[in-house]
Amino acid sequence: MSFESVSALLHMHGYAPYVWPAWGVALGALALLALHARYEKRQLLRDIERRIRRERVNHDTQA
Amino acid sequence: MWQIVHKLGSPKWFYRVSGPWLPWLWSLSVVLLVIGTVWGLAFAPADYQQGDSFRIIYVHVPAAILAQSCFALLAICAVIFLVWRIKLADMAATVAAPFGAAMTFVALFTGSVWGIPTWGTWWVWDARLTSMLILLFLYLGIIALRGAFTSRDSGSRAASILALVGVINLPIIKYSVNWWNTLHQPATFSLTRQPAMPAEMWLPLLVMVLGFYMFFAATVTFRTRNEILRRESRTRWVRELAEKTH
């Protein structure tokens, strides 16, 4: 460990205003990319399923 | 031979085969990123000149490497799509472009933040920084161009051609630190030389780079599968799949 304590780690010997925003944006971007991918999949499957149901209803009313 | 190529290019086949890989890719990337983060932030020794500000390297370099690798992938996909008309390559290119744009933005942002304490400025118009900014514009151009056509095929072709033209920027980025005078330091990793920093510093960087690569593989595979669902949403197998999962 190159820091004496957790508060020293957070302080980064005065470089905290640079280190933390850089890391925050980088890891935040990864998190957003992953969450977006999951959300997109759920949305797509829901849309496809909804269309199938709608087609079925149309089919039944026409018959 | 051609049968194998076309089987590999079949979206349905890819969807089925790539599924079991995803949990491994996700877990491997999370494990590598967590190890690299703890190691790089808390355990790697501080730089004797830059102090703790150098810890930005552990996100800056992986993002910059991925920004360029992702563009190389776009160019390869463009060739496969334009020459052999394999749609799967175009689907991968569609989802890789926003990822590359995000990585380029992260590389530029972290570099700017790092520049304030080390160079005394957040931006200089030197070759490395300018060529990375051009890379960001190329990504945005490719994404916009793809969406600018009413026919999907025209959009795909236009985006592929721009990716092929833009690939000339990659060697410019790579050699920019050698060809022009620059504030930017040369590459950390090279195949022919030992890294100029001690192992306690570059090992966590290597872990982070691998973690970013695994994350890239996982996200692009996952979203390529989404793209398959979107484009094949009227086929029988996708409809059955959607009914099964809901």
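Residues are numbered from 1 along each chain as its sequence is written, and chains are lettered from A, with ligands numbered from 1, in the order in which they are written. Because the model is predicted, local features need pLDDT of at least 70 and side-chain atom pairs count only at pLDDT 80 or more, whereas totals for chains, interfaces and linings use all residues; side-chain values use heavy atoms, with hydrogens and water left out.

## Nonpolar cores

A nonpolar core is here a set of buried Ala, Val, Leu, Ile, Met, Phe, Trp, Tyr and Cys residues joined through side-chain atoms within 4.5 Å, where buried means under 20% relative accessible area, exposed means over 50%, and partly exposed lies in between (1.4 Å probe, protein chains only). The largest such core holds 71 residues, and within this core Tyr58(B), Leu74(B) and Met103(B) touch the most other members. Its main contributor is helix α5 of chain B (residues 87-119), which gives 15 residues; helices are DSSP runs of H or I with at least four residues, strands are runs of E with at least two, and both are numbered from the N terminus.

## The interface between chain A and chain B

The size of an interface is often given as the accessible area lost when the parts come together. In terms of residues, 46 of chain B are in contact with 35 of chain A.

Between chain B and chain A there are 12 residue pairs in polar contact, both residues being at pLDDT 80 or more; a polar contact is a pair of N or O atoms within 3.5 Å, of which, within protein, one must be able to donate a hydrogen and the other to accept it, while residues adjacent in sequence count only if both atoms are side-chain atoms. On the side of chain B that touches chain A, at least two residues each come from α3 (21-43), α4 (57-84), α5, α9 (199-231) and α10 (236-245) of chain B. The residues of this side divide into 28 nonpolar, 10 polar and eight charged, with Ala, Val, Leu, Ile, Met, Phe, Trp, Tyr, Cys and Pro counted as nonpolar, Asp, Glu, Lys and Arg as charged, and the others, Gly among them, as polar.

Arg51(A), found in helix α2 of chain A, counts as buried at 16% relative accessibility, and, leaving aside neighbours within four places in sequence, Arg51(A) is in contact with Ser233(B) and Arg234(B).

## Salt bridges

A salt bridge is a side-chain nitrogen of Lys or Arg within 4 Å of a carboxyl oxygen of Asp or Glu. The whole structure contains 14 salt bridges over all chains, and the count between chain B and chain A is four.

| Residue pair | N to O distance |
|---|---|
| Arg56(A) and Glu243(B) | 2.7 Å |
| Glu55(A) and Arg239(B) | 2.8 Å |
| Glu227(B) and Arg231(B) | 3.1 Å |
| Asp153(B) and Arg157(B) | 3.2 Å |

The bridge of Arg56(A) with Glu243(B) crosses between chains, from helix α2 of chain A (residues 16-62) to helix α10 of chain B; Arg56(A) is partly exposed at a relative accessible area of 46%, and Glu243(B) is partly exposed at 34%.

Within chain B, Glu227(B) and Arg231(B) lie four residues apart in helix α9, so about one helical turn separates them. Glu227(B) is buried at 5% relative accessibility, and Arg231(B) is buried at 17%. Both residues belong to a network of salt bridges that also links Glu40(A), Asp90(B), Arg146(B), Arg223(B) and Arg230(B).

Asp153(B) and Arg157(B) are likewise four residues apart, about one turn of the helix, in α7 (residues 152-166) of chain B, but Asp153(B) is partly exposed at 32% relative accessibility, as is Arg157(B) at 40%. Arg85(B), in the loop between α4 and α5 of chain B, is in contact with both Asp153(B) and Arg157(B), and also with Ile80(B), when neighbours within four places in sequence are left aside.

How values were computed: Contact = heavy atoms within 4.5 Å.
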